[in-house]
Amino acid sequence: MNKNLIISLVALICSVFTFSACSDDDDDKKEAITIEWSTNPDFKALAIEENMTGKAVINIKAEAGIKSLKLNINSPALTDETLALVGLSTSVDLATVELDANQAAIVAGLPYGEAVKNKKEVTFDVSKLVPMILALPGKVGEHIFSIVVTDNNDATLSKDLIFNYAEPAEE
């Protein structure tokens, strides 16, 4: 009888350790994709300035390789109508999009196509793109760049890059 009790306890302990190991594996999968903003690690809203050099550089890592890197823009200035003038839109998968030379120049700093597809690490730099908002109607307000990364294991992680602009107070 004692022998059966000991075997049952050992089996129970082994199953608990096995379950814990599975939970740790799930945590590892969640960490398989990271989106980091070194100058703004809390992803707080950032004021738009004329010179944003180095202030809007995002590092994306996907251990299994990037399957999809979607950019969705919610902005009073960067609307579908405005972006359509240059052949762009407020929603794009940067891993599969094809851009001509003019479009590529506009989105300078954003990787796309082969620079994204199946890569394990990508630098997503909107430091040059964001200040362009200052030249557009509708610049006042909040401009949200949502990044949605899906890896080749179909794990997904998303982050919002929030930029805002308010008219300077009159003196």
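**Salt bridges, sheets and aromatic contacts in a predicted model**

The side chains of D154 and K67 meet in a salt bridge, with N and O 2.6 Å apart. A salt bridge is taken here as a side-chain nitrogen of Lys or Arg within 4 Å of a carboxyl oxygen of Asp or Glu. The D154–K67 pair links distant parts of the chain, 87 residues apart. D154 sits in the loop between β7 (141-151) and β8 (156-165), whereas K67 belongs to strand β4 (residues 66-74). Strands (E, at least two residues) are DSSP runs, numbered from the N terminus. The model is predicted: local features need pLDDT of at least 70, side-chain atom pairs count only at pLDDT 80 or more, and totals for chains, interfaces and linings use all residues. Residues are numbered from 1 along each chain as its sequence is written, and side-chain values use heavy atoms, with hydrogens and water left out.

Accessibility classes follow relative accessible area: buried is under 20%, exposed is over 50%, and partly exposed lies in between (1.4 Å probe, protein chains only). A search of the whole structure finds two salt bridges. E49 and K55 form a salt bridge as well, and their closest N and O atoms are 2.5 Å apart. E49 is partly exposed at 34%. K55 is also partly exposed, at 32%.

Five strands form an open sheet of mixed pairing. Their order is β2-β8-β7-β4-β5. Two strands pair if DSSP finds at least two bridges between them. The edges are held by β2 (46-47) and β5 (91-93). Each has a single partner strand, so one side of each is left without a neighbour in the sheet. Strands β4 and β5 run antiparallel and are joined by three bridges. Within this pairing, N72 has S91 in β5 as its bridge partner.

An open sheet of three strands has the order β1-β3-β6, and its pairing is antiparallel. Its edge strands are β1 (33-36) and β6 (121-125), each of which pairs on one side only. Neighbouring strands of this sheet are turned by 15° against each other on average, direction ignored. For these angles, axes are lines fitted to C-alpha atoms, and values run from 0 to 180 degrees between N-to-C directions. Strand β3 (residues 57-62) pairs with β6 in the antiparallel sense over five bridges. I60 stands opposite V122 in β6.

The structure holds three aromatic pairs. Rings of Phe, Tyr and Trp (its six-membered ring) pair if their centres lie within 6.5 Å; planes under 30 degrees apart count as stacked, over 60 as edge-to-face and the rest as tilted. Among the pairs is W37 with F43, which is edge-to-face at 5.5 Å centre to centre and 75° between the planes. W37 is buried at 1% relative accessible area. F43 is buried too, at 12%. F145 and F163 also form an edge-to-face pair, with 5.7 Å centre to centre and 85° between the planes. F145 lies in strand β7 and F163 in strand β8, so the pair ties together parts that are 18 residues apart in sequence. F145 and F163 are both buried. Ring pairs link W37, F43, F145 and F163 into a cluster.

K159 lies over the face of F43, at 4.9 Å from the ring centre. The criterion is NZ of Lys or CZ of Arg within 6 Å of the ring centre and within 35 degrees of the ring normal.

Key. Helices (H or I, at least four residues) and strands (E, at least two) are DSSP runs, numbered from the N terminus.
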